Amino acid sequence: MSTTMRIPARTGNWPAVAAVFLGTFSVVTTEMLPVGLLTEMSAELGVSAGTAGLVVTVPGLVGAVVAPVLVVAVG
């Protein structure tokens with residue numbers, strides 16, 4: 001004997017879809033936009049390209065540490 005479980009269709013989830021879209025767009029933009037501007041930034045600031053690369057490295061490291069903690073905290 002088998003039973004099938006019907007999951008009711010949800011409607012009205014577009015605000016959640018929009019929130020995920022905006023969150024993903026903002027994270028990707030803020031992390032990837034500086035990569036294309038590193039040489040200009042380093043020249044303008046008068047530092048080496050490696051030092052300007054910290055603009056991308058430091059937020060990445062912070063995100064790597066905070067993301068798991070945030071998931072557990074919100075869980």
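The end C-alpha atoms of residues 49-74 lie 37 Å apart, and this span is 96% helix and 0% strand; helices (H or I, at least four residues) and strands (E, at least two) are DSSP runs, numbered from the N terminus. The model is predicted: local features need pLDDT of at least 70, side-chain atom pairs count only at pLDDT 80 or more, and totals for chains, interfaces and linings use all residues. Residues are numbered from 1 along each chain as its sequence is written, and side-chain values use heavy atoms, with hydrogens and water left out.

Residues 49-74 form one of the spans that an unreviewed UniProt entry annotates as "transmembrane region"; the other covers residues 12-29. UniProt positions are given in the numbering used here, feature names are shortened, and such annotations may be inferred rather than shown by experiment. For residues 12-29, the end C-alpha atoms are 27 Å apart, with 89% helix and 0% strand.

Overall, the protein has three helices and zero strands, in the order α-α-α along the sequence. Helix α3 takes in residues 54-74, 21 residues in total, and extends 29 Å from its first C-alpha to its last, close to the 30 Å expected at 1.5 Å a residue. That expected span is 1.5 Å times one less than the number of residues. At V66, α3 bends by about 30°, and the proline P68 follows within four residues. The bend is the angle between axes fitted to the seven residues ending at a position and the seven starting there.

Helix α1 runs over residues 14-45 and contains S42. S42 counts as buried because its relative accessibility is 8%, where buried means under 20% relative accessible area, exposed over 50%, and partly exposed in between (1.4 Å probe, protein chains only). Leaving aside residues up to four places away in sequence, S42 touches V47, S48, A49 and A52; contact means heavy atoms within 4.5 Å. L45 also lies in helix α1, but L45 is exposed, with a relative accessible area of 60%. Its C-alpha is 24 Å from that of V28, 17 residues apart along the chain.

Along the principal axes, the C-alpha atoms fill a box of roughly 70 × 25 × 20 Å. Buried residues account for 7% of the 75 residues.
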